Amino acid sequence: MTGIAGISLGVLRHLNEADVASVRALADAAEKADGVAPLPEQVLLHLKHQSEADVWHVVARRVSDQGSELLGYAFLDKTNPEEGPSAEVVVAPAVRRQGVGGALLDALRMKVRRG
């Protein structure tokens, strides 16, 4: 994990059950705030049925003495050789415009470049 301005980033092949539940709760909060679902069905299926496909999860957390709080999530799909990589990003409504989305995008860019 890497710390960026108080944000801890993790780039993971698989999420544990607690992380999956946190991502779903984050998506629900964003949908409630925005009126539109932030993650398409494809991402939700990958969360439910994690596979060995070339997909990656990036989680942004704030870690404190009380535990960790999921601030943002990004999904990277590198399985389409014709169209190239695609990504989805969602940031908690309460922490938007504080650099979380940018940190997630930077992590995605690095993962695409490095493989």
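# Close-up views of a predicted model

P38 touches A27, A30, E31, E88 and V90, leaving out residues up to four places away in sequence. This is a predicted model, and the legends below walk through it one view at a time.

**View 1. P38 sits in a loop and has contacts elsewhere in the chain.** You'll find P38 in the loop between α1 and α2, the latter covering residues 41–48. Which residues does P38 touch, once those up to four places away in sequence are set aside? The list is A27, A30, E31, E88 and V90. Two of these, E88 and V90, fall within strand β5, which runs over residues 86–91. A27, A30 and E31 fall within helix α1, residues 17–34. For a sense of scale, take R114, which is 76 residues away from P38 along the chain: the C-alpha atoms of P38 and R114 are separated by 26 Å.

**View 2. The whole protein, for orientation.** Stepping back for a moment, the protein has 3 helices and 5 strands. Follow the sequence and they come in the order β-β-α-α-β-β-β-α. The radius of gyration is 14 Å, close to the 13 Å given by the globule rule for 115 residues, so the protein is as compact as a globular protein of that length. Along its principal axes, the C-alpha trace spans about 40 × 30 × 25 Å. How much of the protein counts as buried? Of its 115 residues, 36% do. Among contacts with a separation of 6 or more, 59% are between residues 24 or more positions apart. The accessible surface comes to about 6800 Å², and carbon and sulfur atoms make up 50% of that.

**View 3. Strand β4 pairs with β3 and also with β5.** Strand β4 takes in residues 67–77. With β3 (residues 55–64), the pairing is antiparallel and runs over 10 bridges. A hairpin takes the chain from β3 to β4 through 2 residues. Is β4 enclosed or open, and why? Of its 11 residues, 8 are buried, so β4 is largely enclosed by the rest of the structure. One thing to keep in mind while looking: in a regular strand, side chains alternate between the two faces of the sheet.

**View 4. D19 and R61 meet in a salt bridge.** The closest N and O atoms of R61 and D19 are 2.5 Å apart. This pair links distant parts of the chain, with R61 in strand β3 and D19 in helix α1, 42 residues apart. The two side chains also count as making a polar contact, at 2.5 Å. Are these two residues buried or exposed? D19 has 14% relative accessibility, so it counts as buried. R61 is buried as well, because its relative accessible area is 9% and the cut-off for buried is under 20%. Leaving aside neighbours within four places in sequence, D19 is in contact with L12 and R61.

**View 5. D34 and R96 form another of the salt bridges.** The structure holds 4 salt bridges, and in this one the side chains of D34 and R96 meet at 2.8 Å, N to O. D34 counts as partly exposed, at 40% relative accessibility. R96 is partly exposed too, with a relative accessible area of 31%.

**View 6. R109 and D106 pair up within helix α3.** Where do R109 and D106 lie? Both are in helix α3, 3 residues apart, which is about one turn of the helix. The side chains of R109 and D106 meet in a salt bridge at 2.8 Å, N to O. R109 is partly exposed, with a relative accessible area of 42%, and D106 is partly exposed with a value of 40%.

Note on methods
Residues numbered from 1 in each chain as written. Predicted model: local features only at pLDDT ≥ 70, side-chain atom pairs only at ≥ 80, totals over all residues. Heavy atoms only, no water. Helix = DSSP H or I, 4+ residues; strand = E, 2+ residues; numbered from the N terminus. Buried < 20%, exposed > 50% of the residue type's maximum accessible area, 1.4 Å probe, protein only. Polar contact = N/O pair within 3.5 Å; in protein donor to acceptor, adjacent residues only side chain to side chain. Contact = heavy atoms within 4.5 Å. Pairing = 2+ DSSP bridges. Rg over C-alpha atoms; globule rule 2.2 N^0.38 Å. Areas by Shrake-Rupley, 256 points an atom, 1.4 Å probe, with all protein chains shown as cover.
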